[in-house]
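Biologist: Can you walk me through this one? Keep it quick, please.

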Amino acid sequence: MASMSSLILPPYLTKLSVKPQSNQHLLQFLQPNLPKNLTLSSRPRKLRLFVAAEEQTATVASPSSEAARRLYVGNIPRNLKNDELTKIVEEHGAVEKAEVMYDKYSGRSRRFAFVTMKTVEDANAAIEKLNGTQIGGREIKVNITEKPLPQVDLSLLQAEDSQFVDSPHKVYVGNLAKTVTSETLKKFFSEKGKVMSAKVSRVPGSSKSGGFGFVSFSSDEEVEAAISSFNNAMLEGQEIRVNKA
């Protein structure tokens with residue numbers, strides 16, 4: 001319900017004898033900055049303006065909204081398909097949809113997926129039963145999807161992605177540390193040859209690294225040299241995997 005806030009007029013207005021319905025224009029003339037949607041009330045020697053404040057409705061995610069039912073499933077096997085994931089998760093609750101994420105350049109699975117459950121209860125049950133379990137020998141992580149960080153300027157990351165020079169001669173670089181940037185990746189591979197471009201893939205809608213990237217070259221020979229030199233090499237504390245994309 002709308003709340004009412006009282007505004008006391010300056011002294012020179014309190015001395016005016018006014019009628020609530022007929023002096024609206026006078027008030028607007030004397031006080032042009034006052035809101036126009038005013039309800040006027042007068043009492044002996046005291047004039048009050050009651051402003052009807054618009055009701056502010058906070059946007060609160062409903063417990064039954066999709067955000068509360070959407071699960072992140074990470075570290076899945078690369079060959080796991082949507083229907084296979086659905087069968088695994090629906091053992092613990094009703095599944096609305098399951099979607100394995102793929103890289104748009106290589107077509108390879110990004111080793112994570114999103115699963116939307118029918119109810120919040122189904123989502124909580126799936127987390128409790130599946131988080132930390134194994135699929136295909138890999139320990140998976142299951143939790144409610146994180147909200148994108150609103151303070152991150154994603155346009156800068158999109159500009160970075162658009163500058164990537166794609167090529168049929170490129171390598172996939174996996175198990176990247178979260179701190180590795182596209183520039184870091186390019187400099188690292190440039191130590192052994194000429195790199196056309198490099199890019200770290202990010203979780204959609206955020207600035208978080210996806211843990212893998214691509215480096216493009218101008219020939220197959222350079223690709224083979226990069227694999228030979230950098231596969232299982234250490235980059236910022238982690239052993240990276242390098243193979244043909």
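Modeller: One term to begin: two strands pair if DSSP finds at least two bridges between them. Strands (E, at least two residues) and helices (H or I, at least four) are DSSP runs, numbered from the N terminus. This is a predicted model, where local features need pLDDT of at least 70, side-chain atom pairs count only at pLDDT 80 or more, and totals for chains, interfaces and linings use all residues. Residues are numbered from 1 along each chain as its sequence is written, and side-chain values use heavy atoms, leaving out hydrogens and water.

Biologist: Which residue in β12 is the bridge partner of R202?

Modeller: S209. Strand β12 covers residues 209-216 and pairs with β11 in the antiparallel sense, over five bridges.

Biologist: Is β11 mostly covered or exposed?

Modeller: Covered: six of its six residues are buried. Buried means under 20% relative accessible area (1.4 Å probe, protein chains only). S197, K199 and S201 point one way from β11, while A198, V200 and R202 point the other way.

Biologist: New topic. How many residues has the largest nonpolar core?

Modeller: It has 21 residues, and V171, V173, L185, F189 and V215 are those with the most contacts inside it. Such a core is a set of buried Ala, Val, Leu, Ile, Met, Phe, Trp, Tyr and Cys residues joined through side-chain atoms within 4.5 Å. The largest share, four residues, comes from α8.

Biologist: What is L185 in contact with, beyond four places in sequence?

Modeller: Its partners include V173, A198, V200, F214 and V215. Contact means heavy atoms within 4.5 Å.

Biologist: And the whole chain: how many helices and strands?

Modeller: Eight helices and 15 strands. Of its 245 residues, 35% count as buried.

How values were computed: Buried < 20%, exposed > 50% of the residue type's maximum accessible area, 1.4 Å probe, protein only.
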